[in-house]
Amino acid sequence: LGTTKQSTVGPTAVNSLMSYNYAGGSPYKAVTLAFFSGLIEIMAGILNLGFLIQYISGPVISAFSSAVSIQVITSQVKGFFGIYFPGRGFVKVWIGMFKNISSIQPYDTAVGFACMAILYFLRRLKEFNWCEGPDKESKRAKVIKKTKWLLSISANCLVVVLTSLIAWIMVDVAGVDVLNLTGRLTKGCLLGSFLGNSIGM
């Protein structure tokens with residue numbers, strides 16, 4: 001349940017979960033929060049404060065990462081199955097899931113499992129010797145190995161782009177609205193708007 005090369009589970013995941021509590025549904029507040037968090041991280045790097053992590057024991061970090069993993073799963077399970085009901089927190093979410101299990105949306109669930117399968121396949125892709133040929137030191141084998149490695153480390157990005165493209169084709173082009181989507185997002189560069197408003201103030 002800990003960190004992998006493909007996905008970081010730790011303080012970053014906690015920050016993403018906590019950001020919504022402070023920013024709510026406002027993208028400008030989220031950009032402001034990210035901006036000042038970045039400034040703090042830059043200052044910590046300049047002052048070489050990384051040594052402070054040595055004072056945190058391994059078991060504490062391991063337990064923290066496992067707890068965060070469970071919390072991340074809990075926060076995403078409603079959207080994974082396309083179920084929406086009021087209530088937050090570990091206990092309320094799982095009780096609500098079992099109470100509303102008959103409301104599971106098959107299309108959202110199918111997309112969720114398909115994405116998991118693609119992620120797992122791309123993660124294991126570099127372990128297979130497909131199309132590399134008998135000579136492992138040839139140029140062709142090296143290019144294919146590098147391509148597999150690139151696909152494996154960019155799996156999350158590829159899945160997001162692919163599913164976004166499919167959702168756009170289904171909703172805007174084909175007019176088939178069977179998925180629960182985030183909705184319309186604000187156009188433009190949020191960071192530019194944030195800096196403009198800050199200068200104006």
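Modeller: Read along the sequence, the protein follows the pattern α-α-α-α-α-α-α-α, with eight helices and zero strands; helices (H or I, at least four residues) and strands (E, at least two) are DSSP runs, numbered from the N terminus. This is a predicted model, in which local features need pLDDT of at least 70 and side-chain atom pairs count only at pLDDT 80 or more, while totals for chains, interfaces and linings use all residues. Residues are numbered from 1 along each chain as its sequence is written, and side-chain values use heavy atoms, with hydrogens and water left out.

The largest nonpolar core consists of six residues: Val 77, Phe 81, Ile 83, Phe 85, Val 93 and Met 97. Helices α3 and α4 (90-99) each contribute at least two residues to this core. A nonpolar core is a set of buried Ala, Val, Leu, Ile, Met, Phe, Trp, Tyr and Cys residues joined through side-chain atoms within 4.5 Å. Buried means under 20% relative accessible area, exposed over 50%, and partly exposed in between (1.4 Å probe, protein chains only). In soluble globular proteins, nonpolar side chains tend to be buried together.

In the protein, residues 24 or more positions apart account for 55% of the contacts with a separation of 6 or more. Buried residues make up 17% of the 201 residues in the protein.

Note on methods
Contact means heavy atoms within 4.5 Å.
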